[in-house]
Amino acid sequence: LLAAVAPGVYVLSKRMAARPAHLEIWRVMHRLGLSPGDAAGEEPRSMALALRRCTLCPGVDACQEWLASGSRAGLDNFCPNASYFKKLQLERR
């Protein structure tokens, strides 16, 4: 059992130890034309939850591939923060 869960625990521990500046959320927001300032009007808890979702996200590889692709489409397929980003974009308009 330990051999089955050890790789996941290792990846999770590395993600949780990562500095917040290195999380993909900032690059995704930039790609979508958003900034942390766009979340300023939101309840602070919303951004904290988005950061937590990013930190614990199981789709890091898909996210990094998406970021490398230069695309703006397809985020809904893997990102747990996709609806949060859409909400920020709508409020920005």
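The axes of H2 and H4 come within 11 Å and cross at roughly 35 degrees. Axes here are lines fitted to C-alpha atoms, for helices over the stretch in contact, with angles from 0 to 180 degrees between N-to-C directions. Glu24, Arg27, Val28 and Arg31 of H2 meet Val60, Cys63, Gln64, Trp66 and Leu67 of H4; contact means heavy atoms within 4.5 Å. By class, this contact has five nonpolar, one polar and three charged residues. Ala, Val, Leu, Ile, Met, Phe, Trp, Tyr, Cys and Pro count as nonpolar, Asp, Glu, Lys and Arg as charged, and the others, Gly among them, as polar.

The model is predicted: local features need pLDDT of at least 70, side-chain atom pairs pLDDT 80 or more, while totals for chains, interfaces and linings use all residues. Residues are numbered from 1 along each chain, and side-chain values use heavy atoms, without hydrogens and water.

One cavity of 30 Å³ or more is counted, where a cavity is a set of points on a 1 Å grid over the protein atoms alone at which a 1.4 Å probe fits but cannot get out. The largest cavity has a volume of about 110 Å³, the space filled by probe spheres set on the points. Its lining has 14 residues, and Glu24, Cys54, Cys57, Cys63 and Cys79 lie nearest the centre; lining residues have an atom within 4 Å of a point. H2 gives the largest share, three residues. Ten lining residues are nonpolar, two polar and two charged.

Asp61 also sits in H4 (residues 60-69); helices are DSSP runs (H or I, at least four residues), numbered from the N terminus.

How values were computed: Helix = DSSP H or I, 4+ residues; strand = E, 2+ residues; numbered from the N terminus. 1 Å grid on protein atoms, 1.4 Å probe; cavity = no way out; pocket = protein on both sides within 12 Å on 5 of 7 lines; lining within 4 Å.
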